[in-house]
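Trainee: I would like to learn how to read salt bridges in a model. Please take me through some cases.

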Amino acid sequence: MIKLGIDRIDEFKALFEGKKVGLITNPTGVDSNLVHTADILKSKVNLTKLYGPEHGIFGNAEAGEHVESYLDERLGLYVYSLYGKTRRLSKEMLEDVDVLCYDIQDVGLRFYTYIYTMAYAMMAAKEFGLKFVVFDRPNPLGGIKVEGNLLNLEYRSFVGYYSIPQRYGLTVGELALLFNKEFKIGCDLTVIPMEGYDRSKDYLSKDLPWLAPSPNLPTHDSAYLYAATCVFEGTNVSEGRGTTRPFSIVGAPFINAFLLADKVKALNLPGLKVRPIFFTPTFSKHQGVLSQGIELFLMDKETIRPIEAGYQILRIIQNDYPEFEFREPWREGQKQMIDLLTGNDDLRMGKKLEEIFESFKKDQLEFIKIKERYHLYA
């Protein structure tokens with residue numbers, strides 16, 4: 001068993017003595033006994049404020065849904081929303097805070113918004129002279145493998161703010177260290193590291209329970225599959241939202257399930273198996289409409305290349321179904337969602353996958369050299 005960052009708070013009491021403490025967290029912010037970090041801090045330090053990211057502090061909001069600020073009666077603390085009218089911390093929101101803490105289970109992917117909630121909070125800590133503390137946790141996708149392209153900053157957004165690859169192979173604490181130095185945030189940062197963590201091992205399969213980081217990632221496998229199928233959020237093809245298998249299903253009313261399954265099987269995608277499936281989403285894309293597609297199954301975490309797999313599946317659907325579309329920007333002047341997710345316009349503009357994957361290799365090698373400077377664990 002390993003000790004999470006929050007499990008070691010008694011070893012780092014000096015950081016909090018005589019200080020007023022704020023906490024950014026969500027339902028995954030718990031210790032190894034599943035006690036919420038907010039309750040732990042309330043009992044051990046002078047906890048004065050709470051802050052909730054996308055989905056809310058207790059996971060009660062859907063993806064993209066604005067979260068309101070409110071008074072939590074059980075804890076007797078005000079909870080500020082960081083996914084509502086603003087995503088950045090103001091001076092007013094940080095009154096009565098000397099130390100700002102972050103404890104959220106990461107998913108290990110560039111397009112997961114919590115890491116930019118963290119980055120924005122680090123910027124606020126720098127601006128207003130606060131200490132910033134990250135309670136570290138394992139990366140569900142492992143601490144070694146890197147996959148994808150570096151974000152082109154022309155496509156910067158809340159689903160990709162810094163030039164890192166889609167899969168970056170760092171814990172959230174290591175990522176905070178990288179953000180702080182490489183991208184010159186420069187806040188007063190302390191990472192409370194895990195104890196006994198080996199970056200090559202998978203602690204979230206057997207040693208630590210899987211707590212859904214957001215409502216549509218119900219299992220550990222779904223985090224790997226999310227790495228593959230999140231790209232479909234930028235299209236008119238369902239990524240399985242509104243089903244019991246979000247991000248494990250890809251499909252639409254205009255797709256032939258059996259033909260698509262046969263073509264995807266022929267790719268022999270490492271670490272994956274697929275089958276044809278019929279489904280009717282209860283919300284999101286194609287709500288209430290019978291759809292066809294494929295269901296993905298993770299077979300081997302070591303060999304799967306999820307980013308490449310998602311691109312390959314998308315390109316089959318794009319080529320075979322005239323009804324396929326990339327979604328238009330939500331607002332005038334904004335980039336298309338597919339470009340924000342992929343970090344450039346290569347996929348949308350039809351660049352050959354062989355060329356895209358070759359560019360992945362170059363970017364991966366470049367990032368590996370950078371990321372190794374911030375490794376806290378062997």
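This is a predicted model: local features need pLDDT of at least 70, side-chain atom pairs count only at pLDDT 80 or more; totals for chains, interfaces and linings use all residues.

Mentor: Residues are numbered from 1 along each chain as its sequence is written, and side-chain values use heavy atoms, with hydrogens and water left out.

Trainee: How many salt bridges does the structure hold?

Mentor: A salt bridge is a side-chain nitrogen of Lys or Arg within 4 Å of a carboxyl oxygen of Asp or Glu. The structure holds 20 of them.

Trainee: Which residue forms a salt bridge with Glu-195?

Mentor: Arg-8 does, with the closest N and O atoms 3.8 Å apart. Glu-195 sits in the loop between β7 (188–192) and α4 (203–206) and Arg-8 in the segment before β1 (20–25), so the pair ties together parts 187 residues apart in sequence. Helices (H or I, at least four residues) and strands (E, at least two) are DSSP runs, numbered from the N terminus.

Trainee: Is Arg-8 buried or exposed?

Mentor: Buried means under 20% relative accessible area, exposed over 50%, and partly exposed in between (1.4 Å probe, protein chains only). Arg-8 is buried at 12%, while Glu-195 is partly exposed at 37%.

Trainee: Where do Glu-358 and Lys-361 lie?

Mentor: Both belong to helix α9 (residues 353–371), 3 residues apart, and are therefore separated by about one helical turn.
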